[in-house]
Amino acid sequence: MLNTIRMRLLESLLAEKDNRKVLVDKLGVSQEIADWAHNLSDKLSIWIVNSLKEKYSQYVRNVADDDKVGLDDFYKTLNGDYRDIISLIKKKNRPEIKLKELSFDDAKDLVGKYQYIEAWLDDPATQVQAELGQGFLQNRTWDEALAMAQEWHESLTAGGSVEDLLDDKDEIIHTFDDGFSWVLRKSNTCPKSRESMGHCATASKPNMYLLRLVKGNSEYITVDWDPSEKSSIQIKGLNNKKPISKYHKYITWLLQNDGWGGIDKLKTNTGYLPHTNFQLGELEPEVAANIFGSKPNIMDIQDILEYTPNNKKSDLIKSLFNYQSFVNKLIPYGFSKFFDMVDGKDAISAIVIKNPTFLEKMNKYKGVLTYTLGEMIGASNYKDKLIEALLAKDGLIDMLDEEGAKLLINNHSNPDFVRDAIDEAIFAAEFGDYDEEPEESDYQMSESVRLKKVIITELRKLC
């Protein structure tokens, strides 16, 4: 009995422990973030801050300096996700979670998986928790729990036409000329939707609503929508499958029009089985690019491309480069990750060279232009043509540092050709086009030209 009392006292003391001083003094975050993490869960506050800092370091590597926000603003964008993670930790009926071993993204992935599982657990028709016990998943692995939930999801069958498809919770927000309508349902679940569509008809989170594409007494697409974040996680067709392409025009309307409330953020790459969701890159490339161009924060470009069909990827990239909002996301460090994940790299390099400002903006960051050119040249199957196109681009030679000039010279089959092109361009920029070498001595030249002349002389010795 005494031991039991001591254990409860110890648990009480641990629960009251305040880690905020550690978060500020040792982990180096502001008092604001320390208070936020403490209020979420002091027991988990050290993991919260460590995972936040790791996520922030990923963010700053891929965002231009002009677009970066500080950690005190960045954490607010993840507040909802962290609340979902903490909520999952508090669930009684779930498989084991070793949170200290997980990154933010790993934990967020488990949230999506549990949402899939929870739709099965909460189905009043199955009474699974009453049958197997309230905490039966504690002794199951995540794979086992997902397999059990999947069996239930797959048992649902679409009923097609359903009587009384809409009720007083449903509001028609737009009707198309062909009779299809988008309906906003101010509830996170819908029995009639489940009956017609053959899926769980439950939003990913309790605070979300449902959007339903209907015609007559049948439903064709179900979307969950967060009215506060203006975000969507699931966009599903019949039986939890992707909506077929003939319905894409209705999804396009939903994404392009904000009068009804609007979708500012697509999270369709998250949750469980994201490949069964509609993805932005499945639209016609010009349409998808236009949506991204007008809403550049709707989705990370890497996530868009990951789920874009291969036959549309090249055209989508070409279309995206028409939007400055997309180009800005690649500067300075986003391009490397983007370039690494795409095929047809010579085609991408050609698009980059034609863009009027991309390389110039890259040059504002020390060493980034040379690194970018190195990636393009290293991946090229036509190095000579690529280098010659770079040399012909207005202003490019003037932007080259010593390492950049070496890069172009050493990767061309005729190094002397590149040296001469750089030499001529430098002097033409300073003195205009002359048939003969200018007679001015070095002290009459500008400092930049004199420096570049020295670089050329040294390069001729080295190469």
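I began with helix H19, and I noted that the cover over its buried residues includes helix H16 (334-341), helix H17 (345-354), helix H18 (358-362), helix H20 (383-392), helix H21 (396-399) and helix H22 (402-410). Here buried means under 20% relative accessible area, exposed means over 50% and partly exposed lies in between, with a 1.4 Å probe and protein chains only. Helices (H or I, at least four residues) and strands (E, at least two) are DSSP runs, numbered from the N terminus.

The model is predicted, so that local features need pLDDT of at least 70 and side-chain atom pairs count only at pLDDT 80 or more, while totals for chains, interfaces and linings use all residues. Residues are numbered from 1 along each chain as its sequence is written, and side-chain values use heavy atoms, with hydrogens and water left out.

**Entry on H19.** I looked up how much of H19 (residues 368-378) is covered, and I found that eight of its eleven residues are buried. Among them are Val-368, Leu-369, Leu-373 and Ile-377, together with Glu-375.

**Entry on the whole chain.** I noted 24 helices and seven strands, and 47% of the 463 residues count as buried.

**Entry on the cores.** A nonpolar core is a set of buried Ala, Val, Leu, Ile, Met, Phe, Trp, Tyr and Cys residues joined through side-chain atoms within 4.5 Å. I found that the largest one has 73 residues, and that Trp-182, Leu-280, Phe-335, Phe-338 and Leu-408 have the most contacts inside it. Apart from this core lies another of 47 residues, including Val-29, Leu-44, Leu-88 and Ile-97. Contact means heavy atoms within 4.5 Å, and, leaving out residues up to four places away in sequence, Leu-280 touches Leu-255, Leu-266, Ala-288, Ile-291, Ile-298, Met-299 and Ile-304.

**Entry on Thr-252.** I located Thr-252 in helix H11 (residues 248-256), and Thr-252 is buried because its relative accessible area is 11%. Neighbours within four places in sequence aside, Thr-252 is in contact with Leu-283, Val-287 and Ile-291.

**Entry on two helix pairs.** Axes are lines fitted to C-alpha atoms, for helices over the stretch in contact, and angles run from 0 to 180 degrees between N-to-C directions. Angles under 35 degrees count as roughly parallel, over 145 as roughly antiparallel, 65 to 115 as roughly perpendicular and the rest as oblique.

The contact is made by Trp-36, Leu-40 and Ser-41 of H3 and by Asn-79, Tyr-82, Arg-83 and Ile-86 of H6.

I then turned to helix H7 (residues 104-121) and helix H9 (residues 142-155), which pack at an angle of about 45° with their axes 8 Å apart, and H7 and H9 are therefore oblique to each other.

**Entry on the backbone.** Most residues other than glycine have a negative phi, and most peptide bonds are trans. I noted a cis peptide bond that joins Ile-331 and Pro-332, with omega about -5°, and Pro-332 lies in the loop between helix H15 (324-329) and H16. Lys-230 is not a glycine, yet has a positive phi of about 55°, and Lys-230 counts as partly exposed because its relative accessibility is 27%. Asn-240, also not a glycine, has a positive phi of about 65°, and Asn-240 is buried at a relative accessible area of 15%.
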